[in-house]
Amino acid sequence: MADNRHPPVTDFATDFDHTDPTWVNNPFPIWDELRATCPIAHSDRYGGTWLPVTHEHVSAIAYDTENFTSRAVIVSEVRPGPMDLPAPIGVAPPITSDPPFHAMARRLLLPAFAPRKVDALEPFTRQLCNDLLDALEGKDIVDAAVEYAQHIPLRVIAKMLGFPTEDADYFRHVIHLILEEGITVTEDDDERLVEGQALDAYFDNQIADHVANPRDDLTTFLLEAELDGNKLMHEHVRGTMLLILVAGIDTTWSAIGSALWHLAHNPDDLKRLATEPDLMPFAIEEMLRAYAPVTMARMVAQDVEIAGCPMKEGDWVLLPFPAANRDPEFFDRADEVIIDREENRHAAFGLGIHRCLGSNLARMELRVAVEEWVKRFPNFELADPSAVTWAAGQVRGPRSIPVRLPG
Amino acid sequence: MRVHVDAEKCQGHNRCYSLAPELFDVDDLGNAVELNDGNVPEGLEHKARLAVANCPEYAITISE
């Protein structure tokens, strides 16, 4: 948010920008107002972008894979270029893939993220959380985002892929470039090209190492996988690695951070969670609903009219699942966080064929991270509410949460 | 009471499986399937209704 290069927004109904500091700090009032006035907004920014904010419209577009392509899912000034793999595969399959290729690429990965596979990672995650918490003991003020939340998915994903955990700083750098600087690997200016080539070289090294020393991890799994009787194209393997790094880290880090931020300034909820552990599954889903980190995007595949809006081929469409999750037409008391909410059909992990592939993993990490934190620090509070900062872009979560630990 | 998962609609959110593992299982891809032909044992009706009410894809239905 510090380096927003776009002019400030004065009217979100006609000129919205999801990287504007007002949106980054608190998007909920913007969505509430749009929902009441014009449920699908348009902006000329990024070469033309649409913004549905009701559950009805967000879900209709998520389900409509004929009129909306996933070929690019991060809104930027640059649309997919000649360096991209052609549709329907896209840069990072299967998130950037359309039917029918999508189903094959997804089916390949689903077993690696199915509940029982994820359950096997829970002891590792719990130990990791406890190691991080041990390092916080005895301190007065700590940063729950920097010193705790961010490390959890970084290390879990590195373990899954079989990448060295020492490279965590590099992963953070790459994710920041892609998600917050709006960089895509297809951009053609020099700095971006160099970054893209460096990342490809990093993946190539990991692939070579795994070819020489196969082991029980996701990289070896991808190298041995077959699609229609053929090994995956090299670019497909690299693209999927990119997807897992980008989609698996910032998102979960954001979800863990938002939950801890909420508990740090809602002592009643914190107390209930600390004393009524049976509430945890419902509380976790409610945190996911109220603070869903991920806004997806689509491109209009062919001219189409949605709710009277003339969408043109090539226009961007933001898919703010966090806004759908706050729609009062769909949820009772949508703007309140109710940690024992039992009926919660939230869309934090998307809807339709692109349901977050890693949702079981993310949910496990979030639950374990909150359980272990609350067990260790049943009393903690925001040290300085004004010092909390939020990530800009399509993944929203706190990047700094200074909290005071009980002495 | 019986529960039914529409395999065409299920996208593997696993909300039903985590809320009511007595009534649902998941396959290797993470998609849900009913246990016991969908028959809901006495006492688990509330869990069955919770599974229905939490499925983001409206994939689960109940027949009495």
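Guide: A:Trp23 counts as buried because 22 C-beta neighbours lie inside 10 Å. The cut-offs: buried means 20 or more other C-beta atoms within 10 Å of a residue's own, exposed means 12 or fewer, partly exposed is in between, and C-beta atoms are placed from the backbone. This is a predicted model: local features need pLDDT of at least 70, side-chain atom pairs count only at pLDDT 80 or more, and totals for chains, interfaces and linings use all residues. Residues are numbered from 1 along each chain as its sequence is written, while chains are lettered from A and ligands numbered from 1 in the order in which they are written.

A:Trp23 sits in helix H2 of chain A, residues 21–25. Helices (H or I, at least four residues) and strands (E, at least two) are DSSP runs, numbered from the N terminus. Neighbours within four places in sequence aside, A:Trp23 contacts A:Asp17, A:His18 and A:Ile30. Contact means that the C-beta atoms, placed from the backbone, lie within 7 Å. A:Val9 is 14 residues from A:Trp23 in sequence; their C-alpha atoms are 9.3 Å apart.

Now the strands. In chain A, S1 (residues 40–43) and S2 (residues 49–52) run antiparallel, joined by four bridges. Strands pair if DSSP finds at least two bridges between them. A:Ile40 stands opposite A:Pro52 of S2(A). A:Ile40 and A:His42 make up the uncovered face of S1, A:Ala41 and A:Ser43 the covered one.

Note on methods
Contact = placed C-beta atoms within 7 Å.
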